[in-house]
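Reader: I am new to this structure and would like to learn how to read its features one at a time. Could you begin with a pair of packed helices?

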Amino acid sequence: MSVEPTQPKVREESAGLMKYSAENLVPFGPIHPALKEPEYFKLILEGERIVQVIPRIGYVHRGLEKAAETRPWVQNMYMFERTCGICSFVHSLCYGQAVEGLTIYEVPRRAKFIRLIIAEMERIHSHLLWVGLMGHWAGFETLFMWVWRDREIVLDLVEAISGNRVHKSMNAFVGVRRDMPEGMEDRIVERMKFLVDRARYYKEIIDTEETMLERTEKVGKLSQETAEKLCAVGPMARYVGLQKDVRLNDPYAAYDEVPFDIIIRNEADVHALLQLRLDELVASANMISYAVQHLPEGPIRVKIPPIIPAGEHATHCEAPRGEIFYYVKSGGGRTPERVKVRTPTLANLPVALEILKGQTIADVPIVLTAIDPCFGCMDRMSFLDTETNRQWTWSGEELRQYGINHYFPERAKK
Amino acid sequence: MPRRKTGAAIPEMFRTLIEKPGTQVYPYEKVNLPQRFRGKLDIDPAKCTGCQVCAMVCPASVITMVDFGTRKVGDRVLPVKRPVFELATCIFCGECVDNCAFNALEMTKQFELATPHKEDLVMKKALAR
Amino acid sequence: MSEVLLQQLKKHAENVNGKFTALRKGEVALEIDQGKVKGFISSLVNDLRVSHLSTMTGLDLGQNIGIIYHFSRDKDMIDVKTFVPKTQPNAVSIVDIIPGAILYEMEIHDMFGANFEGNPWMDRKLLLPDTWPADLPPPLLKNSKPADIRKRLHLEAESK
Amino acid sequence: MTVTEILEAIIFPGVLFTIAMGFLFDWLDRKTAARMQGRIGPKITGPSGILQPLADFLKLLFKEEIIPSHADKVIFLFAPALYFLAPLLSMLFIPIIALTPTAGFDFDLLVILFLLAFAAFVVAVLSYSSASSFTTIATGRLVLQYVSYEIPLVLAIVTAAIYSRSLSVEGIVGSQTGLWNVFVMPFAFVVYVIALMAELEKPPFDIPSAKTEIVAGWLTEFSGRALAFLKLTKEVGYVFGAALAVSLFLGGPLGPQMGAAIPAALQYFIYFMVKLLAVGFLIFVLKTALARVKIAQATELFWKVLTPVSLAQLALVLILIQGGIPLAA
């Protein structure tokens with residue numbers, strides 16, 4: 001809750017630069033229309049061209065990793081689900097798999113299929129969100145609105161299955177908490193078909209619309225070697241031709257049973273990313289249809305004791321944005337000893353900084369957000385008081401008083 | 001490579017113009033909630049035995065157990081506890097509902113919980129005698 | 001894990017006196033002295049083509065700060081473990097071999113206080129606020145108390 | 001000057017009418033764009049939300065006005081008023097309910113050209129005066145965009161003037177009784193509409209106020225009353241730009257006789273409004289269908305494509321006149 005001194009300082013710097021040189025320093029963030037979340041990038045410009053980018057993250061750091069060390073295993077599941085608001089399921093899935101790896105239990109096959117269905121629905125929703133936002137950043141509001149309207153379809157399905165649009169709370173250790181509702185197969189298959197049609201139409205738009213092509217083609221170029229060196233993950237690795245997909249390389253859930261297409265492109269520009277994500281969406285929709293029709297019978301969950309055996313385990317999953325990584329160390333108690341979370345955005349941030357260099361400022365939103373950044377899950381934090389083990393909240397009055405103290409110190413003294 | 005053209009979206013735009021808009025006019029219109037929707041917690045005080053399982057599993061520390069008199073089992077006098085819910089911190093995961101062995105808890109479809117008074121969100125229903 | 005890779009790994013691990021443990025199918029862990037880590041990782045990347053660094057984990061091991069490099073290639077995960085003493089937390093940076101490690105090293109620097117010699121951004125903060133008091137222990141060490149952090153940060157913010 | 005004429009200048013079809021049209025265009029713009037995107041747009045204020053732009057304007061009037069500490073205060077406070085005058089004054093030279101405009105004279109097209117340039121100049125000065133990083137970049141983009149679209153825009157206007165052999169809007173409108181100019185010079189009309197979109201900063205040319213790149217562009221530092229009037233001016237400029245297109249290329253208020261029962265003024269007004277809304281709708285559609293281009297791409301479009309096209313159109317029109325096919329003279 002500290003006050004960031006960075007911003008006023010930069011103001012002075014930028015005013016000075018404007019006076020004495022042709023270089024211009026543009027603060028991009030912490031609050032900026034192109035960013036969904038507060039992060040700060042110092043852009044040093046020559047005219048419209050970017051010379052250097054200096055990142056500053058951590059504005060929404062919540063200390064989740066610290067908090068995890070004081071809470072029981074099951075409660076952490078719900079906390080890590082809230083690492084991210086978009087790929088919430090895959091976080092709980094990855095954490096769950098890391099913990100399951102420490103136990104002796106085997107996940108039931110039906111639960112694996114349900115996990116796959118939800119994870120792929122989440123991917124569809126995340127990719128549609130990104131495609132729409134890309135339209136928004138390129139100044140193509142119509143695409144944005146259409147795509148987000150169609151995104152409701154998959155959100156409605158998720159809500160019907162899990163009971164919530166965003167935080168599904170579907171995962172439990174060794175299984176899932178809710179079964180698929182009765183008689184949903186036809187509806188899911190039909191909706192998926194509709195989504196595939198829409199995705200094909202959007203692909204046609206981005207392939208033919210001149211203004212959109214001009215904004216996205218040959219923007220955000222990256223070479224394969226650089227991507228490999230910077231350890232790019234997910235779509236940012238696949239759009240330069242690297243075959244990096246955890247679903248294929250290290251299958252988890254039911255990915256070894258459900259056939260799917262892996263999409264790899266070689267053009268390495270934002271247009272290729274758009275095509276890649278729309279193709280992946282189609283692949284995901286087909287996977288969901290297949291999984292729903294081939295859903296095996298059986299139990300969905302194994303109940304396990306609240307104490308997890310000692311040991312350490314690292315797992316990775318393919319989130320919509322790329323590989324997410326959990327490392328769990330257990331001392332054999334009711335709480336984990338250490339949980340490490342690595343979200344795809346942190347892995348792809350060096351890539352974004354690399355491809356920003358040499359672009360014009362008009363491309364900043366497009367290029368920076370090409371990695372589909374989710375800064376909220378890159379920084380992790382919560383107010384937690386270890387002594388009483390209760391969340392800490394401010395009452396309205398305290399909050400108001402804090403605001404007054406902060407902005408009007410002279411008034412607070414009275 | 002498909003043909004490049006300016007205004008590729010225009011035909012679809014006119015189709016959308018005459019279609020019904022996708023917006024749900026939420027506060028003016030009711031929204032359709034699915035069967036499994038997880039809304040505000042509710043408790044059936046008659047079924048609650050005060051076993052404290054819900055308070056233990058809650059990830060958001062919503063539930064605190066408060067003293068609610070005593071009861072006699074044979075010769076011994078045991079304290080009885082009842083849950084108090086601070087719904088302002090509830091994350092609607094439904095873990096307490098799943099773990100309640102007596103089906104005393106349920107999640108209603110009520111989701112409009114905004115209130116100017118924080119006290120409104122403290123549910124003391126189980127304390128009513 | 002493919003046999004070939006396993007054999008090669010064992011050979012390389014012997015060269016640097018690494019302690020080799022197979023955690024489970026497809027995951028192996030190697031414990032290596034701090035001084036030899038860079039050479040080993042360089043051979044891992046250049047000779048064995050294990051180039052994807054998933055992340056780096058910091059650990060509080062009591063007297064030491066543990067650092068785990070999580071590498072992966074296809075199905076295989078290779079954890080390279082090392083540690084530095086808390087009294088003198090100087091580790092060697094691998095940014096010149098794997099440029100993508102720069103933010104992971106900064107994160108461990110912020111959260112555990114380990115220094116990575118050779119990382120150009122070691123003087124910057126990544127996640128912690130710029131007003132972070134220098135005398136507080138790094139937040140992810142076990143002796144760091146959230147209550148203290150909150151108290152101190154608020155005091156500093158209000159005194160401005 | 002009679003009382004009627006003064007009332008005409010102030011109320012209808014003068015200043016107040018123009019402002020009302022500005023609000024109407026804003027509403028139509030938002031509503032059609034929303035419906036094309038599958039949304040509903042303004043809904044609550046007034047029937048179908050038609051009073052929403054007015055409500056927004058009034059709300060902004062009551063907001064606190066903040067002047068940045070390193071802004072040039074005189075220009076910052078004074079220039080929005082100057083900017084507001086430009087399209088409002090220009091509107092008086094457009095014939096709406098008669099063939100003679102409210103305040104026309106023989107060379108009023110030159111005044112309109114001057115006011116167009118004046119508005120762009122005021123915006124650039126205004127933007128530069130607020131002295132923040134975003135507005136500095138916006139100023140650069142504004143000026144670059146201005147020098148790009150100005151030449152094709154003026155060439156298109158001049159083409160119409162040469163063909164009609166008049167430098168007054170009244171004369172140009174009067175010469176179109178037989179055949180509208182758009183049929184003689186379709187490319188000039190197209191160039192005019194594209195350049196107009198650049199002048200109005202509508203997508204795909206909303207480069208100086210690209211909200212995802214430089215916050216609100218040159219509007220970033222404005223608030224309260226100044227912002228209210230700047231936004232209103234943009235809308236009035238929209239109305240004026242479309243009205244000029246109607247007058248120069250679409251025959252202004254001219255149209256076939258509807259019958260003696262309807263007074264001439266009403267007929268003129270109906271034709272004018274229909275054409276005005278048609279041009280407005282064209283811009284709404286284009287604006288909704290396109291993505292924003294980069295400043296370099298916009299400059300390239302105007303200099304490499306539209307300038308030669310408008311020059312060729314001008315040459316074609318000169319040949320038509322010299323060749324003795326004066327269709328309208």
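Author: In this model, which is predicted, α7(A) meets α12(A) through A:Glu185, A:Ile188, A:Val189, A:Met192, A:Leu195, A:Val196, A:Ala199, A:Tyr202, A:Lys203 and A:Ile206 on its own side, and the residues of α12(A) that they meet include A:His271, A:Leu274, A:Leu278, A:Ala285 and A:Val292. By class, this contact has 15 nonpolar, four polar and two charged residues. Two residues are in contact if their C-beta atoms, placed from the backbone, lie within 7 Å; Ala, Val, Leu, Ile, Met, Phe, Trp, Tyr, Cys and Pro count as nonpolar, Asp, Glu, Lys and Arg as charged, and the others, Gly among them, as polar. Helices (H or I, at least four residues) and strands (E, at least two) are DSSP runs, numbered from the N terminus.

Reader: How are the labels and limits of the model to be read?

Author: Residues are numbered from 1 along each chain as its sequence is written, while chains are lettered from A and ligands numbered from 1 in the order in which they are written. As the model is predicted, local features need pLDDT of at least 70 and side-chain atom pairs count only at pLDDT 80 or more, whereas totals for chains, interfaces and linings use all residues.

Reader: At what angle do the axes of α7(A) and α12(A) cross?

Author: Two packed helices are described by the angle between their axes and the distance between the axes. Here the axes of α7 (residues 185-208) and α12 (residues 270-293) of chain A come within 9 Å and cross at roughly 165°, which makes α7(A) roughly antiparallel to α12(A) (a word for angles over 145 degrees). Axes are lines fitted to C-alpha atoms, for helices over the stretch in contact, and angles run from 0 to 180 degrees between N-to-C directions.

Reader: Is strand β8 of chain A mostly covered or uncovered?

Author: A residue is buried if 20 or more other C-beta atoms, placed from the backbone, lie within 10 Å of its own. Strand β8 (residues 336-342) of chain A is mostly covered, with six of its seven residues buried. Six bridges join it to strand β7 (residues 322-330) of chain A, and the two run antiparallel (strands pair if DSSP finds at least two bridges between them). A:Lys329 stands opposite A:Arg338 in β8(A), and in the hairpin of these strands, which has five residues between them, A:Gly332 takes a positive phi near 90°.

Reader: How many residues of chain D are in contact with chain B?

Author: Ten residues of chain D are in contact with ten of chain B, and α12(D) gives the most to chain D's side, with three residues.

Terms used: Parallel < 35°, antiparallel > 145°, perpendicular 65-115°, else oblique. Buried ≥ 20, exposed ≤ 12 C-beta atoms within 10 Å, placed from the backbone.
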